[in-house]
Amino acid sequence: MHRQQIDLAEAIDILKETLPRPASETLPLTQAAGRVLSASLSAKVDHPSVDDSAMDGIACRLEDSQSTPVTLKLIGESRAGEGFSGGVGAGECVRIYTGAPVPAGANAICKVEDLQIEGDQVTLLHPARSQDIRHRGSDFQVGQEGLQKGDVLSPARLALAASMGYSEVPVYRKLRVGILSTGDEVIEAGQPLQPGQVYDSNRYGIYALLLEMGLEPVLLPHATDHIDEVKKNLQNADLDVLLTSGGVSMGNYDIVRDLLFGEGEVKFWKINLRPGGPALCGLWQGIPVLGLPGNPVSALVVFEVLFKPAIFALLGRTDAPHRKVRARALNAFKAVPRKTAYWRAQLNAQNGELVVQDLNAPLSNMLRGLAHANALVVVEPGQAVEAGGLAEVIWL
């Protein structure tokens with residue numbers, strides 16, 4: 001028995017449970033950028049691996065270098081990759097470079113700008129400092145967890161993985177997500193447009209959103225309003241998930257709805273949401289299906305507030321699917337009875353605070369408004385936001 005007219009939070013939970021469990025694979029660092037870790041990583045080494053210098057200068061004993069000016073004897077040098085093999089005694093110093101090991105006996109660094117060097121005589125114009133030594137393991141130590149399961153491998157996290165001793169990392173395999181547009185009136189962009197026809201914008205908006213999430217989009221051939229054509233287009237499709245566009249509402253030609261009710265399994269149909277209320281979730285021949293409305297704004301909003309959070313939860317991602325802020329409303333945002341509304345808006349900073357205003361694009365087929373929006377204002381049922389009031393905002 002499918003659920004109908006449900007709240008968004010329940011829809012997210014149902015979709016998450018319907019989606020396939022992600023498999024793991026191990027990739028070299030050069031192929032892992034942007035992927036999600038499927039296991040936590042602990043350091044295999046200490047970093048730094050020795051006490052080293054934070055700057056160029058000399059290494060010496062702290063007790064020899066506080067009453068300046070003072071002259072010390074230069075007995076060698078330590079550079080990154082090849083340290084000084086001896087020790088530093090009273091009245092002695094070693095030339096040192098950034099990242100080079102601090103020699104035995106030394107416990108302070110005097111930077112090169114504070115030195116006068118003549119042969120093997122080094123005069124310190126200012127005292128040396130012990131805090132300019134980076135101690136072994138001060139960044140991380142062997143066995144210390146550095147990255148968590150669910151972390152997205154940003155450039156900095158890739159660099160950290162390498163520093164911890166990893167040349168390859170375990171990540172979740174990319175989900176292959178099919179995109180199927182339906183409708184007799186929908187044609188490919190660039191073809192001659194006849195009266196009543198509309199270009200297929202949804203497939204490209206959804207395609208870009210999937211890429212942005214680190215998933216693998218698969219563009220399927222467009223299907224007219226015939227169930228047999230939909231089934232034909234899905235034959236031999238190697239998919240983990242199917243996103244459809246159109247055909248999920250109450251009309252006689254809503255074929256995705258008819259296909260799932262007739263030959264598949266429906267998990268839910270209709271959400272207490274505007275825009276995007278007719279969204280449908282189910283299974284067809286074992287493939288999880290999320291049916292998005294055909295109106296472009298509805299499709300993209302449902303993707304943002306339903307599909308994206310479900311995928312983040314499925315992968316256990318440590319980041320949030322959206323940035324949520326509070327902003328001062330420059331105009332009123334109306335409430336919708338029994339439905340949570342997501343109104344397209346522009347978020348900006350003004351006089352030291354965040355402000356948000358609508359884009360005068362109230363209808364779900366008005367794609368231009370969404371293209372220029374950088375935010376969605378969330379309005380709970382019966383709780384309109386008045387001009388000057390604070391609004392909950394999803395920052396896109």
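**Entry 1: a strand pair**

I began with strand 18 (residues 241–245) and strand 22 (residues 287–292), which pair in the parallel sense over 4 bridges. I took two strands as paired if DSSP finds at least two bridges between them. Helices (H or I, at least four residues) and strands (E, at least two) are DSSP runs, numbered from the N terminus. I found threonine 244 opposite glycine 291 in strand 22.

I noted that this is a predicted model, where local features need pLDDT of at least 70, side-chain atom pairs count only at pLDDT 80 or more, and totals for chains, interfaces and linings use all residues. Residues are numbered from 1 along each chain as its sequence is written, and side-chain values use heavy atoms, with hydrogens and water left out.

Which order do the strands of the open sheet follow? I read 1-19-21-22-18-14-17 for its 7 strands, with mixed pairing. Strand 1 (3–6) and strand 17 (216–219) stand at the edges. Each has a single partner strand, so one side of each is left without a neighbour in the sheet. From one strand to the next, the twist averages 20°.

I then looked at what packs on the sheet. Helix 1 (residues 8–18) does, touching strand 1, strand 19 (265–271), strand 21 (280–284) and strand 22. Contact means heavy atoms within 4.5 Å. The direction of helix 1 makes about 155° with that of strand 19. Axes are lines fitted to C-alpha atoms, for helices over the stretch in contact, and angles run from 0 to 180 degrees between N-to-C directions. Helix 4 (residues 227–234) also packs on the sheet, touching strand 14 (176–181), strand 18 and strand 21. The direction of helix 4 makes about 150° with that of strand 14.

**Entry 2: the two sides of helix 4**

Which residues of helix 4 are buried? I listed Val230, Asn233 and Leu234. Buried means under 20% relative accessible area, exposed over 50%, partly exposed in between (1.4 Å probe, protein chains only). After helix 4 comes asparagine 236, with a positive phi near 65°.

**Entry 3: helix 4 against helix 5**

I checked how these two helices cross. Their axes come within 9 Å and cross at roughly 80°. That makes helix 4 roughly perpendicular to helix 5 (65 to 115 degrees; under 35 is roughly parallel, over 145 roughly antiparallel, the rest oblique). Ile227, Val230 and Lys231 in helix 4 meet Ile255, Asp258, Leu259 and Glu263 in helix 5. In helix 5, the buried residues are Ile255, Val256, Arg257, Leu259 and Leu260. Their cover includes helix 4, strand 18, strand 19, strand 21 and strand 22.

**Entry 4: cysteines**

How many disulfides are there? I counted 0, taking a disulfide as a pair of cysteine sulfur atoms within 2.5 Å. Cysteine 93 is buried, at 0% relative accessibility. Cysteine 281 is buried, with a relative accessible area of 0%.

**Entry 5: a loop residue**

I ended at serine 201, in the loop between strand 16 (198–199) and helix 3 (202–212). Serine 201 counts as partly exposed, at 29% relative accessibility.
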